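Me: Hi! Could you walk me through this protein model, one question at a time?

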Amino acid sequence: MMPLLEGLRYVNEDSFRKAVKVLVTSARTLDEAQQQLETWFDQRMDQLTELYKRRITLFSLGIGIFLAIVLNADSLQIARSLFDDPSLRAAVVAAADQVVDSGNFSSWFPRPRRRLNRHSNPRPKRRLRRAPKRG
């Protein structure tokens, strides 16, 4: 256990070092220390997962509201129009079926343009041939 405690000296973050030191010093054997570290790690990962889920949900909600406002999309009006007008509903269904049957979704999404950066070269470099040396 001493090499493990000595190795903690090289950990830069104080709170992490203290937490692991408490777990390791409270254990009687190396297996018990490993079990305590695994339990502690699993608990922290569960907490982070929950935090991530909450934040991504709020972020997605914010993006959805933003897009609805910017695009002036009134989903209730769209639903009401589709519910009340059978010809509109049939036209939308026919258009969706046509896209699905063709399998060509590229008309719905713009094609990305090829970007040039310092690592991509639009033209390959030509190698210059050296003239043979004359004696």
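Reply: Here are some questions and answers about this chain.

This is a predicted model, where local features need pLDDT of at least 70, side-chain atom pairs count only at pLDDT 80 or more, and totals for chains, interfaces and linings use all residues. Residues are numbered from 1 along each chain as its sequence is written, and side-chain values use heavy atoms, with hydrogens and water left out.

Me: How many helices does the chain have?
Reply: Helices (H or I, at least four residues) and strands (E, at least two) are DSSP runs, numbered from the N terminus. The elements run α-α-α-α-α from that end. There are zero strands, and the number of helices is five.

Me: Is Trp40 buried or exposed?
Reply: Buried means under 20% relative accessible area, exposed over 50%, and partly exposed in between (1.4 Å probe, protein chains only). The relative accessible area of Trp40 is 18%, so Trp40 is buried.

Me: Which residue forms an aromatic pair with Trp40?
Reply: Rings of Phe, Tyr and Trp (its six-membered ring) pair if their centres lie within 6.5 Å; planes under 30 degrees apart count as stacked, over 60 as edge-to-face and the rest as tilted. That rule gives one aromatic pair. It is tilted, with 5.7 Å centre to centre and 45° between the planes, and the partner of Trp40 is Phe16.

Me: Where is Leu71?
Reply: Leu71 has a relative accessible area of 61%, so Leu71 is exposed. Its place is in the loop between helix H3 (30-70) and helix H4 (75-84).
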